[in-house]
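Hi,

Here is the model I promised you. Have a look at it first, and my notes follow below.

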Amino acid sequence: MKILKIDHLGIAVNSIEEGKNFWSAILGLKFEGAETVEEQKVTTAFFPVGESEVELLESTAPDGPVAKYIEKKGQGIQHVAFRVEDIESALEELKAKGIQLIDQKPRKGAGGAKIAFLHPKATNGVLVELCQR
Ligand code: ZN
């Protein structure tokens with residue numbers, strides 16, 4: 001498997017509008033627009049930082065994964081995303097090595113990316129996302 005870079009950091013927030021006050025107005029990161037991914041009950045907003053990005057995640061429903069995360073742990077870094085060259089083969093390789101996956105197959109993420117999550121039990125407690133663009 002070839003990991004190319006940290007693609008983005010996913011940060012769970014109560015409100016993207018409110019989050020923009022710090023990430024964009026104060027830090028000066030450029031807001032690249034928001035996108036809702038209905039299957040995940042989440043709206044995401046991307047802010048490029050050099051080669052990587054900050055992704056703010058706002059839940060669209062009280063039972064969405066981001067809402068549940070905030071309920072349990074509060075706002076904060078929810079996942080780390082690595083960009084891979086070939087997500088299908090990366091998942092096959094991890095499966096073969098006995099790593100517990102949340103997504104057995106890639107699904108559609110924001111910006112048309114293919115994404116898949118690994119189980120935090122297998123990653124020292126970090127929710128790891130693989131993505132291919
Ligand atoms: Zn992400």
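Strands S3 (42–49), S4 (52–59), S5 (76–84), S6 (107–108), S7 (114–118) and S8 (128–132), along with helix H2 (65–73), each give at least two residues to the lining of the largest pocket. Helices (H or I, at least four residues) and strands (E, at least two) are DSSP runs numbered from the N terminus. A pocket here is an open set of points on a 1 Å grid over the protein atoms alone, where a 1.4 Å probe fits and protein lies on both sides within 12 Å along at least five of seven lines; lining residues have an atom within 4 Å of a point.

Before you go further: this is a predicted model, with local features needing pLDDT of at least 70 and side-chain atom pairs pLDDT 80 or more, while totals for chains, interfaces and linings use all residues. Numbering starts from 1 along each chain as its sequence is written, and side-chain values use heavy atoms, without hydrogens or water.

Back to the pocket: 33 residues line it, with Pro65, Gln78, His79, Phe117 and Leu127 nearest its centre. H2 supplies the largest share, six residues.

Now the sheet. It is open, with eight strands in the order S2-S3-S4-S1-S5-S8-S7-S6 and mixed pairing (strands pair if DSSP finds at least two bridges between them). S2 (34–37) and S6 are the edge strands, each pairing on one side only. S1 (residues 3–12) runs antiparallel to S5 over eight bridges, Lys5 being partnered with Arg83. With S4, S1 pairs in the parallel sense over five bridges, and Ile11 stands opposite Leu56.

Cheers
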